[in-house]
Amino acid sequence: ICLIPAGVMLFDALAGNLSADPIKELTHRTGTWGITCLTATLAITPARRLTGWNRLQSYRRMLGLFAFCYLCLHFSVYLVLDQFFDWHTIVKDVTKRPYITVGFTGFLLMIPLALTSTRGWVKRLGRRWVTLHALIYVTALAGVVHFTWSQKADVTRPRLYGAAIVVLLAARLLLMRRRA
């Protein structure tokens, strides 16, 4: 199911069904699917605890990795199609445009999460793995800020993602407080 958006994007690109600015559209679609998968990842634990459906937990890692994949595609569209590997311009963008700085920071924070998402890393890191993977909330908030600041007018969608992530973070904090 998580591959369907990528398939639709590929089909639309090959069939010429993208807008007049295909690079911008691909950038937006990949970013939207990245933050959608990230939000769904964060929703797994509260949903599991509320419903008692423990099988949901088995999808959390996969959703997180799909979020990372879509965000890699998002960054790749920017890097390859938008900037043509012009490193000077990319560095300038990252340092001068706050929304790119925040988005790039969030992307960089996701790399260790993706790299340490295997069972072997969970074992090696032990309790530190949980601490490291708490960065997903920082990454998600960075994604919302990036999305919000990148919008020129309508910030309804980024605000909806932001509200969902804040509610999920609050639920997580309440669950941690109850356990303590």
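Select helix α8 and show its neighbors: its buried residues (under 20% relative accessible area, 1.4 Å probe, protein chains only) pack against α2 (22–51), α3 (60–82), α5 (98–115), α7 (127–133) and α9. Contact here means heavy atoms within 4.5 Å. Helices are DSSP runs of H or I, at least four residues, numbered from the N terminus.

This is a predicted model: local features need pLDDT of at least 70, side-chain atom pairs count only at pLDDT 80 or more, and totals for chains, interfaces and linings use all residues. Residues are numbered from 1 along each chain as its sequence is written, and side-chain values use heavy atoms, leaving out hydrogens and water.

Now color the buried set in α8: I136, Y137, T139, A140, A142, V144, H146, F147 and S150. In an α-helix, with 3.6 residues a turn, residues three or four places apart point the same way. Helix α8 covers residues 135–150, 16 residues in total. From first C-alpha to last, α8 reaches 22 Å, close to the 22 Å expected at 1.5 Å a residue; the expected span is 1.5 Å times one less than the number of residues.

Next, select R177 in helix α9 (residues 156–179). R177 is exposed (over 50%), at 67% relative accessible area.

Last stop: the cysteines. How many disulfides are there? With sulfur pairs required within 2.5 Å, the count is 0. The sulfur of C2 is 4.7 Å from its closest cysteine sulfur, in C37, so too far for a bond. C2 is buried, at 14%.

Conventions
Helices (H or I, at least four residues) and strands (E, at least two) are DSSP runs, numbered from the N terminus.
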